[in-house]
Amino acid sequence: MTKALEIATLYVKLSNKSDFVGIENLMTKATTYSSQTTGVYLGVSDILAMQRVFHAKFTSLKWRVNSVEEMKPGVVLFDYDFMGELPNGEKVEASGLEYVIAYQGKIQHVEIRSKQ
């Protein structure tokens with residue numbers, strides 16, 4: 001397994017645990033994040049603030065990886081299904097594609113796209 005694939009896979013595992021300290025250790029002040037749902041973020045502090053708000057909306061959440069592939073060196077693509085439960089018991093499900101770009105042992109960019 002390549003270093004980029006290891007980093008990207010760890011990122012998903014940490015996200016499923018809502019382990020923000022672990023996620024923080026994978027990012028830098030220059031890491032960027034882009035999602036059609038939540039917006040565009042610059043830097044680990046901004047990204048983690050958004051993720052904390054997102055995770056807090058759910059009593060449980062999980063990203064299930066359907067497939068993962070390093071498309072080219074440092075660019076990892078996940079096909080995923082998201083499942084979450086809101087405090088009122090409502091189930092939220094979504095599917096998408098997530099690109100994780102890693103460079104020099106850190107995540108440089110995360111991009112979430114809907115499947116089309």
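How many salt bridges does a search of the whole structure find? The search finds four. The structure is a predicted model, and the points below take up pairs from that search.

1. Arg 64 and Asp 81. The side chains of these two residues form a salt bridge, with a distance of 2.6 Å from N to O. Arg 64 belongs to strand β3, which covers residues 60–72, while Asp 81 belongs to strand β4, which covers residues 75–85; the pair therefore ties together parts that are 17 residues apart in sequence.

2. Surroundings of the pair in point 1. Is Asp 81 buried or exposed? Asp 81 is buried, because its relative accessible area is 14%, and the cut-off for a buried residue is under 20%. Arg 64, by contrast, has a relative accessibility of 40% and so counts as partly exposed.

3. Glu 85 and Lys 91. A salt bridge also joins Glu 85 to Lys 91, and their closest N and O atoms are 2.7 Å apart. Lys 91 counts as exposed, because its relative accessibility is 57% and the cut-off for an exposed residue is over 50%. Glu 85 has a relative accessibility of 24%, so this residue counts as partly exposed.

4. Arg 113 and Glu 111. Here the side chains meet in a salt bridge with an N to O distance of 2.9 Å. Arg 113 is partly exposed, at a relative accessible area of 38%. Glu 111 is likewise partly exposed, at a relative accessible area of 22%.

Technical notes: Residues are numbered from 1 along each chain as its sequence is written. This is a predicted model: local features need pLDDT of at least 70, side-chain atom pairs count only at pLDDT 80 or more; totals for chains, interfaces and linings use all residues. Side-chain values use heavy atoms; hydrogens and water are left out. Helices (H or I, at least four residues) and strands (E, at least two) are DSSP runs, numbered from the N terminus. Buried means under 20% relative accessible area, exposed over 50%, partly exposed in between (1.4 Å probe, protein chains only).
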